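Hello,

Here is the structure I promised to pass on to you. Please open it first, and then read my notes below.

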Amino acid sequence: MTRLARIAAAVAVALAGAARAPAVPAAVAGDEVVVSAASSLTDLLREIAPDCERTTGVRVRLNLGGSNALARQIVNGAPADIFLSADAAQMDVVERAGLVEPGTRRDWLANQLAVIVRGSGIPVSGPRDLLDRRVRRIAVGDPAAVPSGVYARAYLERHQLWPVLQDRLVPFATVRGALAAVASGDADAGIVFATDARVATVRLAFVVPRDAGPRIVYPMALVRGRATPAARKVFDYLRSEAARAACERFGFIPLDGSRR
Amino acid sequence: MPVQIWEVTAFTIAVALAATLATSVPAVLLAWVLARRTFPGKALVETLASLPLVMPPVATGLLLLWAVGRRSAFGRALESAGIDVIFTWKAVVLAMAVMGFPLLVRTARAGFEQVNRRYEAMAATLGASPSRIFLTVSLPLASRSVVAGALLAFSRALGEFGATVMVAGSIPGRTLTLPVAIYSLAETGHDRAAGQLMLVSVAIAFAAVAAANRLQSSGR
């Protein structure tokens, strides 16, 4: 008992000490940058991260998730340095909280929606084919906030399909959750980004033409108060020629980056 | 208002009740068997029956997803029989039932073990069949433990999150339960609605604890 108490006291003291000491020594704190990025950027960023680290000499940590969740994290004080959102609305959330480093917000990439179906053949080649009764479950990002879901809703509304198909939607916390549900066959169809459709074993039914769907823009910004030289280096790398080429390889459309 | 508070609350209570009822008969029978019988492999059965209690709920959820999803032969058989489980309320009940099962088994078993075997033996000498002994002697004498176990399983079901999101998702009006709604409301920036649902859960928890206490004191 007393021995246990002593051990417990020792652990408590050690924890208290650890809590007081800064997690990273100040001298190297700037050498690591946390990039909070939309889950649709997963494969792209994993691909370019090593080159980014070589070029900039900065260690990159990726925090991937639904842009809405990432925005909430930042607003609640999460230590993110760069925010890459899949829609303007979530960047607006961060900006309204006064957490975008002034002058750093840029429109980084454009994307398109795609409709995917699970392996076995339900013929889907246009939005109205989703009305087919065999399409019982349509996986989407949560239309309440997850960017891919918000875009999917806008797309369905534009084709007057939202009221009918709303009941068949299965919302996910990230676009990748929706993608996985179609890949596993648990959902019959899904609405994801065209870039997501390339990286999974799903059947691409069709890519929504740019003029038939919502305008899809990925804004980028440095988080206020965290615009260290290291963070700026990574931020600039993301807009470099090398990064743009990689974005194009993954199906994204690099924007000129100067406008908002 | 992004979700209907009362709709979510009523749905959660209804599915939690359904899960508790669905699990009660097999759980109580298993508890009785574990308390009264010895058989080869008993230790294995005991361990399996406790697994959902100690496994991470999402891991249990993944197992269930694989079991009833379209990737499994069983899931496809269900589907061709016209029974949709995954992403429906049935999946919610399934997740809740599996998670509550060990709590009911363990509590009921402890109750059966406290029943004096002499009463059961006396009933047997008077010619009662084993099932009659169970229904008229063992079960009534262990009833407080069984009800307490059911209450525990029900409370566990009300709070189920990990397994539920895996097999049932979070479809408003279809599979959205209180804990999942709180999570997705907070994630989507609806802090006010999330807070309201949090208050509702506090109220339900309060009522459940009060009921359990009352149950215990009235028995003494």
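**What I found**

In chain B, 72% of the contacts with a separation of 6 or more are between residues 24 or more positions apart, a contact being heavy atoms within 4.5 Å. Before going further, please note that this is a predicted model, in which local features need pLDDT of at least 70 and side-chain atom pairs count only at pLDDT 80 or more, while totals for chains, interfaces and linings use all residues. Residues are numbered from 1 along each chain as its sequence is written, chains are lettered from A and ligands numbered from 1 in the order in which they are written, and side-chain values use heavy atoms, with hydrogens and water left out.

**Chain B**

Chain B has eleven helices and zero strands; helices (H or I, at least four residues) and strands (E, at least two) are DSSP runs, numbered from the N terminus. The C-alpha trace of chain B spans about 65 × 45 × 30 Å along its principal axes. Of the 220 residues in chain B, 43% are buried (buried is under 20% relative accessible area, exposed over 50%, partly exposed in between, with a 1.4 Å probe and protein chains only). Chain B exposes about 11300 Å², and 68% of that comes from carbon and sulfur atoms (Shrake-Rupley method, 1.4 Å probe).

**Where the chains meet**

On the A side 19 residues are in contact with 18 residues of chain B. The area buried between the two chains is about 1600 Å², with 46% given by carbon and sulfur atoms; buried area here is the accessible area (1.4 Å probe) that two parts lose on being put together, summed over both. Arg72(A), Arg137(A) and Asp186(A) supply 35% of the area that chain A buries against chain B, more than any other three residues.

Six salt bridges cross the interface of chain A and chain B, where a salt bridge is a side-chain nitrogen of Lys or Arg within 4 Å of a carboxyl oxygen of Asp or Glu. One of the residues to look at is Arg70(B), in the loop between helix 3 (57-68) and helix 4 (73-80) of chain B. Is Arg70(B) buried or exposed? Arg70(B) counts as buried, because its relative accessibility is 7%. Its side chain meets that of Asp188(A) in a salt bridge (2.9 Å, N to O), and Arg70(B) also has a salt bridge with Glu79(B) at 3.0 Å, N to O. Salt bridges that share partners join Arg118(A), Arg136(A), Arg137(A), Asp188(A), Arg70(B), Glu79(B) and Asp84(B) into one network.

**Within chain A**

Over all chains the rule counts 25 salt bridges. In one of them, Arg226(A) pairs with Asp81(A), their closest N and O atoms being 2.6 Å apart. Arg226(A) lies in the loop between strand 10 (216-222) and helix 10 (229-238), and Asp81(A) in the loop between helix 4 and strand 3 (82-84) of chain A, so the pair ties together parts 145 residues apart in sequence. Asp81(A) is buried at 6% relative accessibility, whereas Arg226(A) is partly exposed at 29%.

Leu44(A) is buried, with a relative accessible area of 1%, and touches residues including Trp108(A), Phe250(A) and Phe252(A).

Best wishes

Notes:
Lists of a residue's contacts leave out its neighbours within four places in sequence.
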